[in-house]
Amino acid sequence: MKPRLIPQFGAMPGKSTTDAALCLAHDIHATNNHILYTSLITFDITGYFDNVNHNRILAVLRDKGIQLPICRWVQSFVNSRVTRIRVDGYTDREGQDPCERGCPQGSPVSGVLASYYSAALLEMFIQGNRRNHSIPAQELDNTRYNNGTPITAGLFADDGSLHTASDSPTTNAERLQRAFERVIAWADQNGLKIE
């Protein structure tokens with residue numbers, strides 16, 4: 001039984017948390033039909049938009065083959081921001097420190113940049129022909145799981161999930177723990193924290 005693609009749902013027109021929940025519900029029902037236990041772990045990337053590294057996002061865009069004029073525009077978009085404090089109508093004119101990290105949450109561009117930034121996290125779970133986001137069981141612990149599914153990853157902007165199914169909840173928990181350790185390592189490498 002192959003898992004379906006669980007994409008990055010955030011910042012995509014016509015997609016919502018309902019779509020992400022429906023995909024998960026579908027997977028759970030499909031595994032139940034095969035008399036398997038489904039297990040899920042969810043996580044939040046703390047301060048995601050505030051901690052996007054400008055140099056890293058530009059490197060990711062170049063690695064993905066994004067054209068140079070667009071990369072230059074993105075560089076201007078993320079580098080020309082400053083921080084100012086506004087309280088009760090008063091704006092601090094002195095505090096115009098340039099932002100060295102982050103992209104403005106709420107901007108449509110930031111959602112697209114965040115999707116590119118976290119693409120490597122989903123790609124860690126890709127198996128075979130890149131049609132699904134899964135880590136092969138052998139890669140996790142060199143053991144084959146009969147009647148089970150690979151780890152499936154999904155994201156909605158800064159909220160993520162990992163799920164799998166097998167004939168044993170204990171097996172699921174062990175596999176999810178190892179997969180979650182990989183998520184934490186990815187976050188650490190990218191200056192992010194998992195909650």
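1. Two strands pair if DSSP finds at least two bridges between them; strands themselves are DSSP runs (E, at least two residues), numbered from the N terminus. With that in hand, look at β9: Thr164 in this strand is the bridge partner of Ser39.

2. A word on what you're looking at. This is a predicted model, where local features need pLDDT of at least 70 and side-chain atom pairs count only at pLDDT 80 or more, while totals for chains, interfaces and linings use all residues. Residues are numbered from 1 along each chain as its sequence is written, and side-chain values use heavy atoms, with hydrogens and water left out.

3. β9 has partners to check. Strand β1 (residues 37–46) runs antiparallel to β9, with 8 bridges. Strand β8 (residues 151–156) is also antiparallel to β9, over 5 bridges, and there Leu155 is bridged to Gly160.

4. Now Ser166, which sits in β9 (residues 159–166). Ser166 has a relative accessible area of 1%, so it counts as buried. Its side chain makes a polar contact (a pair of N or O atoms within 3.5 Å; within protein, one must be able to donate a hydrogen and the other to accept it, and residues adjacent in sequence count only if both atoms are side-chain atoms) with the side chain of Asn172, at 2.7 Å. A polar atom of the Ser166 side chain also lies 3.0 Å from the backbone oxygen of Ser168.

Key
Helices (H or I, at least four residues) and strands (E, at least two) are DSSP runs, numbered from the N terminus. Buried means under 20% relative accessible area, exposed over 50%, partly exposed in between (1.4 Å probe, protein chains only).
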